[in-house]
Structures are given as structure tokens and as C-alpha cells.
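Me: I have a structure open and a few quick questions. Can you take them one at a time?

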Amino acid sequence: MELSKITAISPVDGRYRASAEPLDNYFSEFALIRYRVLVEIEYFIALCDIPLPQLEGVDPSLFEKLRDIYRDFTVEEALRVKEIEKTTNHDVKAVEYFIKEKMDTLELSGVKEFVHFGLTSQDINNTAIPLSLKDATHRVYYPQLEELVAKLSSLATEWENIPLLAHTHGQPASPTKLGKEIRVFVERLEKQMALLRRIPAPAKFGGATGNFNAHMAAYPEIDWVAFANRFVNDILHLDRSQTTTQIEHYDNMAAIFDGFKRINTILIDFCRDMWTYISMEYFKQKIKAGEVGSSAMPHKVNPIDFENAEGNLGMANAIFQHLSAKLPVSRMQRDLTDSTTLRNIGVPAAHTLIALKSILKGLGKLIINTEAISQDLDRNWAVVAEGIQTILRREQYPAPYEALKALTRTNKPVTKEDIGQFIDQLDVKPSVKEELHRLTPQTYTGIY
């Protein structure tokens, strides 16, 4: 069958194609080839800038034409690279030959052997892939996550004065505010985003086993470490690892994946909370004409967006976990297991992007049910017992915790009347009784 949305094996390229499509420019085979072309061309230009003696005659006005090769790179040109690969059976070498073909048209045939000069394929892969990951993170992931955080922050403000019965261990607990509970997730996400942003985008660049063997053999007078640092750090805007084997250590890349995973775990926590609040009828959901919630039960309006997000976040984290655990481990100076693993970075990124969009969609459907929230508070007057016994401690009332425990730790509902009668029989000043009577499930919400 011809590949299409309906025949794709992976749902990120099939069912969820529209959500994942922005990542095409960073993680597709086309994108990988284009980023490789970018690195090879910028490396050649950097060699001209030294300049190597054999490259002194290269006209600098051609540099922008060379850059146009990757700036204007087309699908047809990517297919040409794949055609070359059928002969070379080596994907990076195919890129080198493709660029050499282009240089022939620019009358640079005499210097085309300086394309990929002294490099191994991992000098290209370990710069191209981190660069694509960095670009995707900054151009797609952060904007989408920031949109979600902004939405949560807006809802936290909108709902900041709505009292909410808290639940610890699944049991009614000291009341809180709905806005504050949303802001908990805002703070968690913002802190993890800040940590993630501080992790440098790692890159390896140093020849076949990291020692610049070929470079030093050809031009021993050049400071190749300084050159590589300038090229990787200042031109590609990555962070060059100084002492490597044939490949990048991947330790920082693993940290990046772990950062994604932590953020996804926070979002899973959020999705489960929202799912639970919906099941408790704290929220209703907007009904869309023509939609079906169940093939058998016509009444159902399911929290499918939060469920969809949770499932996709779980898929993403499973792959991020493998990436962060596998990539830093390689036999001796290098084995090939990192190569096929790296090609899968786009998969968890896509699942994550799908999830972020699903959460935003779910939030847009919510209708707060203040009546249900208020009724739940009214059914749980026992939650003010903490406040009562704490005030009684302040007043040095004898054994206040035990007195409240006897009143509330039963299998019977504790009503407003029960609390009122308990307060009235206390041997305390009238002003203290008045203070205690002001405690209600709606007002006993603390600072936030």
C-alpha cells in the first residue's frame, strides 16, 4: 500500500498526523538530511575562513550560494541523496557526494575534496541531531508548553476564590482553593522548564576517535581544538564536548530527555487530577453537536482529551526513558546502537506534542460546576476540626485534638449542627466561640 495517513503504522504519522506535523522539519528523514547538509556546508566555509592554504582562492561571495543549498533544500534533493545512498550504503557519505555534485555547478570542483575533510560521520550526526533537537525544542515544544502554562495560569487566576474540598489519601481534607491547586502545576512546570533550558545542547566534533588524528596529520600547525570550539559553539550554537570517543557522550542529551520526561510526568499527574474532578462532577464538559461519547450509552460525555493526553505522555516517557538510559552506553570507542536509537527522537517528541494539544483542548471544554463543589464542602464539615483544635491549642484548652477526634472520627456524617453544638459546649471565652463559629468548609481555606 502507498504510505498515507490511513496506512501509516505509527499513529503519530496516521491518526494524529495533524498534531505532529510541525515536527516534520526537525525529525523526519528529510530534516535529518537537511541538517547534515547544513553542518557539512558550514564546516567547509569555516575551513575557508581559517583559511587552509588550498582554500585561499575560494571566492567568499559563493558562501551564500553554498548556504542556499541547505536553506532552499527540497524533498526532491533529499530523494537524490537517498538515491546516492543506494550505491554508498552509507547515509552521511551520500550527503557528502550530493554536496560535491552541487559544488560542481558552482565551479568549486577543484576544492570539493575539502567537504567532510578529516571527519567521521559522527562529527556530522552528533552536531546535526542535537541542532535539530534544539531547534524543535525552541521553535515547537517550548511555544506549545508555554501556551499550556499560560492557559493554566489564567484559569488559576479565574478560579482563585473558589473554595474546594481537598482530598489526601482519597479522603476529605482541609479545604483549599481551586485556583491554588491549578497554580501548583503552573509552578511545577515553570521550574522544570527553567531547569531544562539550562541544559546545554551537546555536540561532538573531533574526528574518527575524537583526537583530530587526520586533521593533525594534514595540518599540524593549526589549533584544531580551538577551531572546533569556534565552529560548534559560535557557528552552530551548540556546546562542544572536549574529550570524546567517536561519538558524543550523550550525557547532556540524556538529561534533556529526562527533563522532558519529568515535565510529562507532571502533566500526567495533572491529567489524572482533572479526570478525577470531572468524575466527581466538579467540572462538566461542553457538548458538541453530533459527537458521541459511547457507542452504547447515549448520555456519556467522556474526559477523552485528558485520557488521550495521559496515554500519549506515557508513550513518550517510555521512549524518553530508553533514550536517556541507552545513549550514554556504548562499547569501547563506539558501537552502532546509538545510530538507530537517535532516529527515534521524533517519536516521543510527537507523542508529547499530541498530548499538549489534547490537554489544551480538554481545558477548553471545561465548565466549572460550583454547585457540586459547594455541595461537597457542605457534606464534609468534619474538615474544620483541624482549625478548631488548633485554635483551642492556642487557648491552652485541655486535649483539644482528642476532643475533636472523638467528635469526627466516626462512620457517621459530621454536620454543621454537630460542629455548632460542640463549639457551644466548650468552656472557652465567648469571643473564642464566636471565632470558632466563623470556621466553615467554605472559609477554612488558608492563605491561598
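Me: Is Gln54 buried or exposed, or partly exposed?
Reply: Partly exposed, because its relative accessibility is 45%. Buried means under 20% relative accessible area, exposed over 50%, partly exposed in between (1.4 Å probe, protein chains only). This is a predicted model: local features need pLDDT of at least 70, side-chain atom pairs pLDDT 80 or more, while totals for chains, interfaces and linings use all residues. Residues are numbered from 1 along each chain as its sequence is written, and side-chain values use heavy atoms, without hydrogens and water.

Me: Where does Gln54 lie?
Reply: In the loop between helix H3 (29–49) and helix H4 (63–71). Helices are DSSP runs (H or I, at least four residues), numbered from the N terminus.

Me: What is Gln54 in contact with, beyond its neighbours within four places in sequence?
Reply: Val111, Phe114 and Tyr219. Contact means heavy atoms within 4.5 Å. Phe114 is 60 residues from Gln54 in sequence, and 9.1 Å away C-alpha to C-alpha.

Me: New topic. How do the axes of H11 and H14 cross?
Reply: At roughly 30 degrees, coming within 12 Å. H11 is residues 251–279 and H14 is 346–365. Axes are lines fitted to C-alpha atoms, for helices over the stretch in contact, with angles from 0 to 180 degrees between N-to-C directions. The two helices are therefore roughly parallel, a label for angles under 35 degrees.

Me: Which residues make that contact?
Reply: Asn264, Leu267, Phe270 and Cys271 from H11. H14 brings Thr352, Leu356, Ile359 and Leu363.

Notes:
Angles under 35 degrees count as roughly parallel, over 145 as roughly antiparallel, 65 to 115 as roughly perpendicular and the rest as oblique.
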